[in-house]
Amino acid sequence: MKIIRSSFVFGIFLLAAAFKPVTKNEETDWVKKGIDRAHSQLMAMAKSIEGLKSDTAVFPRSFSKEGKMLWVGKHDWTSGFYPGSLWYAYELTGDSTLGKYARKLTNQLKSIQNYRGTHDVGFMMYCSYGNAFRLKPQVSDEPVLVNAAKSLASRYSPVTKTIRSWDFGKWSYPVIIDNMMNLELLFWASRTTKNDSYKNMAIQHADATIKNHYRKDFSCYHVVSYDPTTGKIESKETHQGFSDSSAWARGQAWGLYGFTFCYRETHEHRYLDQARAIASFIMNNSATPADLIPYWDYNAPDIPNAPRDASAAAITAAALLELSKLVPDGKPYFMYSEKILKTLSSDAYLARQGTNNGFILMNSVGSFPEKSEVSSAINYADYYYLEGIKKYLEITKLKK
């Protein structure tokens with residue numbers, strides 16, 4: 001343990017030496033452009049929410065290329081992303097009005113703390129209440145998050161040693177790669193409550209994911225279904241990808257992000273090795289375009305004409321920036337992330353002010369096989385884009 005800790009600290013020291021503070025010039029104008037655009041877009045969206053007649057479907061999920069807006073209720077898996085984006089924008093700009101909107105939308109998710117119908121309670125609550133507690137806490141925030149962790153933990157099976165993802169579909173006990181993201185709430189709860197059971201569930205889930213979701217090239221399946229009685233694997237599929245053997249872009253990003261914070265939380269090197277291997281798959285993939293915004297699936301049959309996925313790119317950028325801080329040779333991860341964020345801040349992906357119905361980024365893909373949210377603006381793309389900018393500023397010491 002002492003060796004792991006010392007190498008970790010040494011890595012941080014080397015990283016600090018390698019990344020000198022960035023001076024503000026035309027090379028970093030994209031950062032200001034991204035923050036300013038996010039500010040105006042999110043503010044416009046927040047004001048439009050005030051004008052809604054509905055008391056339930058108040059969370060903006062996506063805006064299609066055909067001009068259709070999708071509003072969802074608090075039980076939708078994406079409900080926490082827009083409040084989370086408001087919190088990030090508040091943090092990046094200091095605009096107290098954004099903070100007020102963020103708190104109002106966050107508080108509307110309060111009852112989700114007791115919702116046990118999905119693994120996505122991690123997304124829903126940690127992106128909203130997690131950022132609220134970090135930036136502008138209220139007395140109730142901590143117990144709400146602890147209760148949300150209890151709800152997530154209720155879906156854990158000691159037989160499969162995983163947390164069940166979906167309660168629908170043809171699968172007996174489905175676990176999706178996205179579920180790696182929700183483990184962050186369990187690690188937080190373990191630290192906060194001093195209860196190792198949350199952390200142990202997260203570790204067992206992560207270990208099962210390494211064993212069962214990943215192929216030899218370190219691409220992953222989307223869905224692994226287990227027999228809930230025996231724990232044996234029934235099927236391995238890529239439900240939202242091109243085929244069961246293909247590499248669905250957002251799934252690769254979820255895995256990279258998840259194993260990166262698993263290493264940050266545990267310092268267990270098997271998670272670092274996994275994160276590095278996934279990063280290598282993404283960064284060295286021959287199907288990755290020059291601007292680093294991936295196609296919706298690395299094996300899509302119509303490359304280079306396949307739709308791009310800005311959401312996968314944004315998640316990847318946020319994950320690689322975190323990974324760059326955890327290793328002594330993190331500069332390639334940083335530089336790759338920087339290029340992604342610069343591309344996302346270009347006119348090809350960053351919406352013009354007053355357009356895109358208040359969303360920040362264009363050209364994400366929800367589920368191509370289901371013809372759902374293809375080449376659309378989607379709230380989780382905005383969320384991880386802002387998280388990426390936040391991490392970039394922290395690393396470079398660049399002033400906003």
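The model is predicted, so local features require pLDDT of at least 70 and side-chain atom pairs count only at pLDDT 80 or more, while totals for chains, interfaces and linings use all residues. Residues are numbered from 1 along each chain as its sequence is written, and side-chain values use heavy atoms, with hydrogens and water left out.

Helices (H or I, at least four residues) and strands (E, at least two) are DSSP runs, numbered from the N terminus. Strand E1 covers residues 59-63. In E1, 5 of 5 residues are buried, where buried means under 20% relative accessible area, exposed over 50%, and partly exposed in between (1.4 Å probe, protein chains only). Two strands pair if DSSP finds at least two bridges between them. E1 is joined by 4 bridges to strand E2 (residues 69-72), and the two run antiparallel. Within this pairing, Pro60 has Trp71 in E2 as its bridge partner. The two strands form a hairpin, with 5 residues between them. Gly67 lies in the turn and has a positive phi of about 95°. E1 is also joined to strand E9 (residues 372-378), by 2 bridges and again antiparallel. Here Ser62 stands opposite Ile378.

His119 sits in the loop between helix H4 (96-107) and helix H5 (121-135). Its relative accessibility is 0%, so His119 counts as buried. Contact means heavy atoms within 4.5 Å. Not counting residues up to four places away in sequence, His119 touches Leu152, Arg155, Ile163, Arg164, Ser165, Trp166, Ile176, Asp178, Asn179 and Asn182. Two polar contacts of the His119 side chain are described here. A polar contact is a pair of N or O atoms within 3.5 Å; within protein, one must be able to donate a hydrogen and the other to accept it, and residues adjacent in sequence count only if both atoms are side-chain atoms. Another reaches the side chain of Asn179, at 3.3 Å. Tyr198 is 79 residues from His119 along the chain, and the C-alpha atoms of the two are separated by 14 Å.

Side chains of opposite charge can pair when their charged atoms come close. The structure holds 22 salt bridges, each a side-chain nitrogen of Lys or Arg within 4 Å of a carboxyl oxygen of Asp or Glu. Arg155, one of the residues touched by His119, forms a salt bridge with Asp167, with the closest N and O atoms 2.8 Å apart. This pair links distant parts of the chain, 12 residues apart. Arg155 lies in the loop between helix H6 (141-153) and strand E3 (156-157). Asp167 lies in the loop between strand E4 (162-163) and strand E5 (174-176). Arg155 counts as buried because its relative accessibility is 8%. Asp167 is partly exposed, with a relative accessible area of 46%.

A second pair joins Glu265 and Arg191, whose closest N and O atoms are 2.6 Å apart. Glu265 belongs to helix H9 (residues 249-266) and Arg191 to helix H7 (residues 183-193), 74 residues apart. Glu265 counts as partly exposed at 21% relative accessibility. Arg191 also counts as partly exposed, at 41%.

Lys391 is in helix H13 (residues 379-396) and Glu322 in helix H11 (residues 310-326), 69 residues apart. Lys391 counts as buried at 9% relative accessibility. Glu322 counts as buried at 8%. Salt bridges that share partners join Glu184, Arg191, Arg264, Glu265, Glu322, Lys325 and Lys391 into one network.

An open sheet is formed by 3 strands in the order E5-E6-E7, with antiparallel pairing. E5 and strand E7 (233-237) are the edge strands, each pairing on one side only. The twist averages 20° from one strand to the next. Strand E6 (residues 223-226) is joined to E7 by 4 bridges. Val223 stands opposite Glu237 in E7. Helix H8 (residues 196-213) packs on the sheet and touches E5, E6 and E7. The direction of H8 makes about 105° with that of E6; axes are lines fitted to C-alpha atoms, for helices over the stretch in contact, and angles run from 0 to 180 degrees between N-to-C directions.
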